[in-house]
Each structure stands twice: as C-alpha cells, then as structure tokens.
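Welcome, and thanks for taking a look at this one. Let's walk through it together, a region at a time.

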Amino acid sequence: MLKSKHRSFYIVIIIFAIIYSILSLVNHYYFRTFALDLGAYTNALYDYVHFQFNDSRVFKPISENLLADHFDIYLILFAPFSLLFGTYTLLIIQILSILFGGWGIYKYFSDEEYKPSIAISALIWYFSFFGVFTALAFDYHSNVVAATIVPWFFYAIKKRKIGWSFMLMIFILISKENIPLWMAFICLGLVIEYWKDFKMRNRLLGFFLFSAFYFVLVTGFIMPAFANNNSYPHFHYSFLGTNSKEALVFLLSHPLESIQTLFVNHIGDPDADFIKLEFHIYLFISGFFLLFKKPQYILMLIPIFFQKMFHDKYIIWSTNGQYSIEFAVIMVIGIFMIINEIKSDKWRKVLLYSLVIANLGITFRVMDNPIVHLGRAQIRIYKADHYSRDFNVKVLHEQLNYIPENAVVSAQSPFLPHLALRDYIYQFPMIADAEYVIFSYEEDPYPLDKDAFKRKTEELLKAQVWSVQYEQGPIRILKRK
C-alpha cells in the first residue's frame with residue numbers, strides 16, 4: 001500500500017511517467033527522432049562503451065572528437081546502459097531524470113515550513129511546464145538531465161549538506177560546456193538568498209568561482225584543444241561580437257541595447273517576428289512575474305535568457321526544443337517559495353491553483369499552435385497522427401534489423417538513430433564507404449534541399465554499384481553490390 005501522506009506524489013509520478021513515455025518513446029518508435037542529436041549521441045554511446053572516442057562522423061565529413069562539439073561527459077557515464085536499452089537508452093535516462101527532478105522539488109517543499117498543498121502543486125507545475133514537454137518531444141540533450149539535478153542542489157544547500165551540494169554541482173557541470181556559466185549564476189543568486197548566513201554565503205561564493213573557472217577552462221582551452229581548427233564552435237551571437245570577450249565588452253558598454261534585444265527581432269528576418277514576445281508572454285503567464293519579488297531567481301536565469309535570445313537562429317528563441325528546460329527548475333523553486341509566503345489561505349490557494357491551471361493551458365497552447373512548430377505529430381500526444389506514419393513502421397523496423405551490426409551505413413536523419421549503435425554510420429547524403437543506404441522521399445531532406453536530395457537519390461539508383469534491398473512506398477534501402 002502507498003503511504004497515505006505521499007499517495008498523491010506517487011500517483012502524479014506514475015501519470016507523468018506514462019505521459020512522458022508516450023511522448024518520447026513513441027516518437028522514437030515511429031521514426032520521429034533524428035541524426036542530430038539522438039543519432040550522434042547514441043553512436044557516441046557505442047564508441048564509449050568500446051573504450052574509444054567518438055569521431056563525429058555521423059554529421060561531419062572529417063573526423064573530429066565529439067568533445068570538441070559539446071563537452072558532454074554524461075554520454076561516457078551513460079554508455080554502459082546502451083547494452084541494456086539499445087537505441088532507447090538516452091530517451092529513457094532523460095525521462096527518468098525529469099521524474100527524479102520532480103522528486104527533488106517535492107522533497108524541497110515537503111518540509112514543515114511549507115503549506116501542505118505547496119509540494120504537490122509545485123510538482124504538477126514542474127511536470128506540466130511547456131519546456132519539459134518540448135524537450136522530451138525533441139530527442140535527447142544532456143542539459144535536460146543537468147537541469148533536473150538543480151532542485152537536488154537547492155535541497156542540499158537548504159539542508160546545509162555541503163559535501164553533497166559540491167558533488168551535485170560537479171555532476172551538473174560536466175553535462176555540457178554552457179551549463180557551468182548557468183551554474184555560476186545559480187550560485188550567485190543563492191549567495192543573495194543566503195546572504196545573512198556567513199558560512200553558507202562564502203561557500204556559495206566558492207562554488208560560483210569554481211563554476212566560472214570551469215566554464216572558462218572548458219570553452220577557452222579544453223574544447224579548442226580537441227577541435228581541428230583549435231577554436232570553440234558554438235559562438236553564434238553575431239549581435240554581440242565574434243567571441244566571448246567581445247560579447248562581454250559589448251554587454252557592459254551597451255546595456256540598454258542588450259536589454260532591448262532580449263525582446264525584439266534583432267536578425268531582421270520577418271519569419272522571426274513575435275517569437276520572443278510569444279515566449280515572454282507564456283513565461284509571464286506561467287508565473288514568472290512573481291519572481292520580481294525575489295529577483296535573485298531572475299539573476300539565476302540571466303545566462304539562459306542571453307544564450308536563448310541573443311542567438312543568431314530564431315528557432316532558439318522559440319518555445320520549441322530543449323532550450324527552455326532550465327526555466328522550469330528555477331521558476332518552480334522561486335514561484336512556490338513566494339506563494340508559500342502569502343498569509344491569506346484563500347488568496348494563496350487561488351494563486352496556487354490558478355498558476356497550475358494557467359501553466360497547463362500554456363503547455364497545450366505550445367503543443368497545439370505556437371508561432372514556430374517543429375512538428376505537431378512529435379508533441380501532440382492527444383492526436384492520432386502521433387501514433388501512426390504513412391508507411392508500415394513494424395515492417396521497416398524488421399528490415400533495419402536485417403542490416404548486419406558491423407555494416408557501415410548511410411542513413412537519412414529519422415532512420416539513423418535506430419542504426420547508430422555501430423562503429424561507422426553517416427547522415428545521408430554522406431556515403432563514403434557505406435555498405436547500406438537508407439532514405440525516404442517523404443522525410444525532411446536536411447541537410448540538402450529538395451532538389452539536391454532528388455538529384456542525389458536518382459544518382460544512387462542509377463549507379464551500378466547499388467541494388468535495391470527493400471522498397472516500401474517512399475522508402476528505399478540500398479545495398480552495395
């Protein structure tokens with residue numbers, strides 16, 4: 001029997017575990033995961049479990065250590081699980097990590113200082129936040145896992161468990177190269193939160209300096225050392241300059257322009273109009289406005305706002321993908337701490353339940369009709385097209401299983417993750433020494449345009465070195481003769 005005190009917690013966990021599985025695992029089964037990023041990361045699992053570095057050949061024509069692209073140590077740690085869960089490994093880990101983060105939030109708000117309804121309401125708010133759903137709808141990303149550890153870091157700090165908090169911080173830092181900067185700002189915000197506690201304040205200042213140092217070390221030295229061109233590859237903020245130093249100088253010398261750019265379309269593409277506004281409105285309705293009562297929690301989100309809204313690609317500004325998960329774990333702590341401080345039971349409950357309902361409403365809006373949509377079938381689990389494709393999925397899985405495990409493969413993006421647990425696999429149209437090629441005329445031709453894709457596939461079908469191994473509707477599997 002479930003303990004009556006925590007029965008609601010277990011029920012909520014089970015419900016969302018089912019929802020998340022339906023969202024993420026069903027996407028994978030129906031070929032709605034992609035070479036970038038699940039395919040590349042799953043291929044890395046294969047290499048790491050065989051004690052070798054990954055060469056990024058999934059998406060790069062010239063070998064380069066994957067750690068030069070993203071300094072992600074989680075993939076090394078998670079690699080052994082691929083022997084059990086195959087190509088679903090990272091998706092399962094991502095789901096479990098979000099549930100684990102929810103447990104941390106529930107624990108944080110279960111102390112006697114919080115009203116009884118706070119913990120379960122915070123848990124539901126976090127699980128139903130739009131950034132959680134959009135992250136699960138689009139492959140796997142280690143920043144999602146890192147974000148879900150943050151509530152446990154808050155809990156360890158609150159309980160004055162310095163050893164545990166340091167270990168949790170280290171685990172968060174090694175997830176991805178941009179996370180240490182976020183962690184530095186989290187620690188800075190907590191310095192304000194615990195300002196009157198001299199010992200805790202100084203320890204948090206130490207954590208801040210450690211995180212900042214690690215960020216500079218990884219992005220400024222370690223990743224460039226792994227890169228073929230000896231540089232960091234992901235500074236895509238031309239508005240700020242060409243590198244981190246220029247960005248810092250610009251932010252300090254043009255503060256008003258920088259703040260304005262958080263809200264306006266700074267790249268001039270008309271397709272990007274109103275995307276930032278939409279995101280800010282949804283964030284506000286979800287409860288962000290309450291954080292102005294505790295601005296230290298806004299401080300914690302500054303690097304996330306900057307990396308999102310200053311980016312050269314407007315898709316990053318949007319509600320889609322894994323680019324909003326960090327807001328969930330900071331906002332839920334700050335918002336529900338503030339709600340708990342409301343003395344009137346009536347108004348506290350009104351605000352509590354209103355925010356949970358509003359948050360759910362925003363998530364449905366994001367799933368159904370945002371300005372930028374990566375694919376409705378990927379996220380709308382309440383629609384039939386989430387559970388179907390225009391080809392026989394079961395038969396295609398069987399055909400892919402016939403491809404030998406040691407064969408070199410070139411596969412179009414949605415097919416690649418299912419074949420990624422092998423030594424050599426390339427995203428189509430890279431072929432090189434591939435023995436099998438898999439593509440579909442109906443899938444997104446990325447990285448080619450439609451005309452180039454058509455020319456490439458026609459060229460392959462006419463070539464004498466390939467035979468058609470399998471044909472179903474728009475799908476072809478070719479085998480080298």
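## A buried helix and its neighbours

The buried residues of α10 pack against α8 (142-158), α9 (162-173), α11 (198-226), α15 (296-299), α16 (302-309) and α18 (325-340). Here buried means under 20% relative accessible area, exposed means over 50%, and partly exposed lies in between (1.4 Å probe, protein chains only). Contact means heavy atoms within 4.5 Å. Helices (H or I, at least four residues) and strands (E, at least two) are DSSP runs, numbered from the N terminus.

This is a predicted model, in which local features need pLDDT of at least 70 and side-chain atom pairs count only at pLDDT 80 or more, while totals for chains, interfaces and linings use all residues. Residues are numbered from 1 along each chain as its sequence is written, and side-chain values use heavy atoms, with hydrogens and water left out.

Which residues of α10 are buried? They are Ile179, Pro180, Trp182, Met183, Ala184, Phe185, Ile186, Cys187, Gly189, Leu190 and Val191. With eleven of its 15 residues buried, α10 is largely enclosed by the rest of the structure. The helix covers residues 179-193 and reaches 21 Å from its first C-alpha to its last, close to the 21 Å expected at 1.5 Å a residue; the expected span is 1.5 Å times one less than the number of residues.

## Helix α2 and what follows

Helix α2 (residues 35-49) also has 15 residues, and its first and last C-alpha atoms are 19 Å apart, close to the expected 21 Å. Because 14 of the 15 residues are buried, α2 is largely enclosed by the rest of the structure.

Just after α2, phenylalanine 51 takes a positive phi of about 55 degrees. Further along, serine 56 is found in the loop between α2 and α3 (74-78). Its phi is near 60 degrees, a positive value in a residue other than glycine, and serine 56 is buried with a relative accessible area of 0%.

## Where α7 meets α19

Helix α7 (residues 130-137) and helix α19 (residues 345-368) pack at an angle of about 35 degrees, with their axes 8 Å apart. Axes are lines fitted to C-alpha atoms, for helices over the stretch in contact, and angles run from 0 to 180 degrees between N-to-C directions. The crossing of α7 and α19 is right-handed, meaning that the near helix is turned clockwise from the far one by less than a right angle.

Phe130, Phe133 and Thr134 of α7 make the contact with Ile362, Thr363, Val366 and Met367 of α19. Five of these contact residues are nonpolar, two are polar and none is charged. Ala, Val, Leu, Ile, Met, Phe, Trp, Tyr, Cys and Pro count as nonpolar, Asp, Glu, Lys and Arg as charged, and the others, Gly among them, as polar.

## The five-stranded sheet

Five strands form an open sheet with mixed pairing, in the order β2-β1-β3-β5-β4. Two strands pair if DSSP finds at least two bridges between them. The edges belong to β2 (425-427) and β4 (466-472), each with a single partner strand, so one side of each is left without a neighbour in the sheet. From one strand to the next, the twist averages 20 degrees.

Strand β3 (residues 436-440) runs antiparallel to β5 (residues 475-480), and five bridges join them; valine 437 stands opposite leucine 478 in β5. Helix α21 (residues 393-401) packs on the sheet, touching β3, β4 and β5, and its direction makes about 155 degrees with that of β4. Helix α22 (residues 450-462) touches β3, β4 and β5 too, with its direction at about 140 degrees to that of β3. Three bridges join β1 (residues 409-411) to β3 in parallel, and alanine 411 stands opposite isoleucine 438 in β3. Both faces of β3 are covered: Tyr436, Ile438 and Ser440 on one side and Val437 and Phe439 on the other are all buried.

## Backbone details to check

Most residues other than glycine have a negative phi, and most peptide bonds are trans. A cis peptide bond joins phenylalanine 428 and proline 429, with omega about 25 degrees; proline 429 is in the loop between β2 and β3. Another cis bond runs from tyrosine 446 to proline 447, with omega near 10 degrees, and proline 447 sits in the loop between β3 and α22.
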